[in-house]
Amino acid sequence: MNYSIFDLLKLLGSLGFFLFGMKLMSESLQKVAGDRLRGILSAMTSNRFKGIFTGFLVTAIIQSSSATTVMLVSFVNAGLVTFAESIGVIMGSNIGTTVTAWLISILGFKVEISMLVLPLIGITFPLLFSKNTNRNNWGSVIIGFAIIFIGLDFLNHSTPDINSNPEILRFLTNFSNYGYGSVLIFLFIGVILTMLIQSSSAVMALTLVMCFNGWIAFDMAAAMVLGQNIGTTITANLAALVANTSAKRTATAHLFFNMLGVLLLLPVFFPFLDLISSITVHNGFDSPLATAGQTSQQTAAAIPIALSIFHTIFNLLNTFILIWFVKPLEKLIVKIVKQKEDDEEFRLQFISTGLLSTIDLSILQARKELMVYTERVEKMFFHTRELLQTHSDKKITHYQHKIKKYEEISDQLEVEIAAYLAEVSKQELSHQAAENINKMLQITTHIESIADSCYSISKAISRKTSGKLQFNEEMYGNLLRFSDRISELFCLMIGVVKDAELSIDIHEVRTLMQNIKKDHDKLQQEHFKNLRKGGYKTKVGVIYADIYTELLKMGVLADEVVSLLVYQEKPVVEKIY
């Protein structure tokens, strides 16, 4: 069986197609992730038992644990499901995949959901041309979902065609007589074959062919099934290559969960097989335990049933044991897969849209969330300052990517914090509590507007770069000095958001804001003067003006936040836009 460079490129193309589907679905989900969708998924995974049932049900329906875990990775990447919530779904998907084994064993077929993919794209494709943004985004979600399945199918058909040539594996008979050593060898073979073929069901079918032909005995087939459980986790880990830290943790948890199950079973492997044999015999079949090459017709008929029983009981026991150790497993994965400095989640940290606490506690939680939200926008602001100072195209692209990501997070968090505060405000509130909530709603809006201004500056720099335009030294100097002024006020704002009791000199803040306004007026006058004299091109001047105007907006917004928290007076500049 020859495997050419062309075949290798087909395999890489299939992988790329699969990862593209994962990325498209995840990014589109972030755009449509309203409270309703988030609420449904959170309810389905709110505790480990609901998560297990959800994972089982989805996998039993779509007949692919790989597809279930890939979708799960996508949901976690989009911030719809937390890493902790995903663990139960993983456990359930392992149980759900045993339904596939039973269908193959009893009926001899597997439901091919990939057959429905092209009709699904046909129905959904018109949504991509809809003027309604929500419909357009939902179209992208469904097409991303369909591409994942097409990619999985391509991966399956682009791998070496061992499935059609099982005689290639006949040599494995030679490794069947080493006791526990053989178990480990065939376990490893199961892992490798599943990683190569990208389908645990196809490897299960291969295993049954090998048993039927007498090449391997039931005990070695069972070891291969254990290997398939580990090998099937590679698909989710491939999907996590383009995902955030939480999604990578979900994929890693899938691998750890399956590996732990195998490690727990190995010491009692042969007694466990005796138990499976007893259950099989009790249900009217012959014992599947026979030496390779000495398998009778009755024994061969019993092996598919026995393997299905083995697979089902193993996954049920594994889930039943490890479900009580979810927290330690979660902590272990968090230590192994560390959060990247710039890899923020699309999730709230202190509040949820579920049951509300007492009024005071709800306000405290919202205040903490507002602090985290402000810190994220603070990072965005300093990335914007870095963007103004760098001349490297590589660094400009790097900072623009970060700013765009923070803008997406900012938009989502503003909605969620505001929704939570709105729910709290429906309760019976004291005058002070109502005032606090009103302030926090205003501050949330101001902080999000600062994020919008950062993103606007990033887009202005992008226009400058793509148009191959350049600022002169004076323009750069003016922008940096002006951003330094804004930075002073921004630091004061961060301080009072983190600590409302922080002592601030009102006169100092007033003077700073007045100076900012004077600097802006001076920049504007010089800009108009330079345009009249032809000091620089109009295109460059427009971008320059956009940037210093956005910086002024940030200063005004920061002053308004300080005004709300520290002194109950109107800020110096009420509105300029």
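**Exercise 1.** Work out how helices α18 and α21 run relative to each other.

*Solution.* Start with the geometry of this predicted model: α18 (residues 431-466) and α21 (residues 538-565) pack at about 165°, their axes 9 Å apart. Angles over 145 degrees count as roughly antiparallel, therefore α18 and α21 are roughly antiparallel to each other. By class, their contact has 17 nonpolar, five polar and seven charged residues.

Local features need pLDDT of at least 70 and side-chain atom pairs 80 or more, while totals for chains, interfaces and linings use all residues. Numbering starts from 1 along each chain as its sequence is written, and side-chain values use heavy atoms, without hydrogens and water.

**Exercise 2.** Classify the ring pair F310 and F314, and say whether each residue is buried or exposed.

*Solution.* Next, apply the ring rule: centres must lie within 6.5 Å, with planes under 30 degrees apart stacked and over 60 edge-to-face, the rest being tilted. The F310 and F314 centres are 6.4 Å apart and the planes at 10°, so the pair is stacked. Finally, check burial (under 20% relative accessible area is buried, over 50% exposed, partly exposed in between, with a 1.4 Å probe and protein chains only). F310 is buried at 0%, and F314 is buried at 4%.

**Exercise 3.** Classify the aromatic pair F320 and W324.

*Solution.* The centres are 6.5 Å apart and the planes at 90°, giving an edge-to-face pair. Both F320 and W324 are exposed.

Terms used:
Axes fitted to C-alpha atoms, helices over the stretch in contact; angles between N-to-C directions. Helix = DSSP H or I, 4+ residues; strand = E, 2+ residues; numbered from the N terminus. Parallel < 35°, antiparallel > 145°, perpendicular 65-115°, else oblique. Nonpolar A, V, L, I, M, F, W, Y, C, P; charged D, E, K, R; others polar. Phe/Tyr/Trp six-rings, centres within 6.5 Å; stacked < 30°, edge-to-face > 60°.
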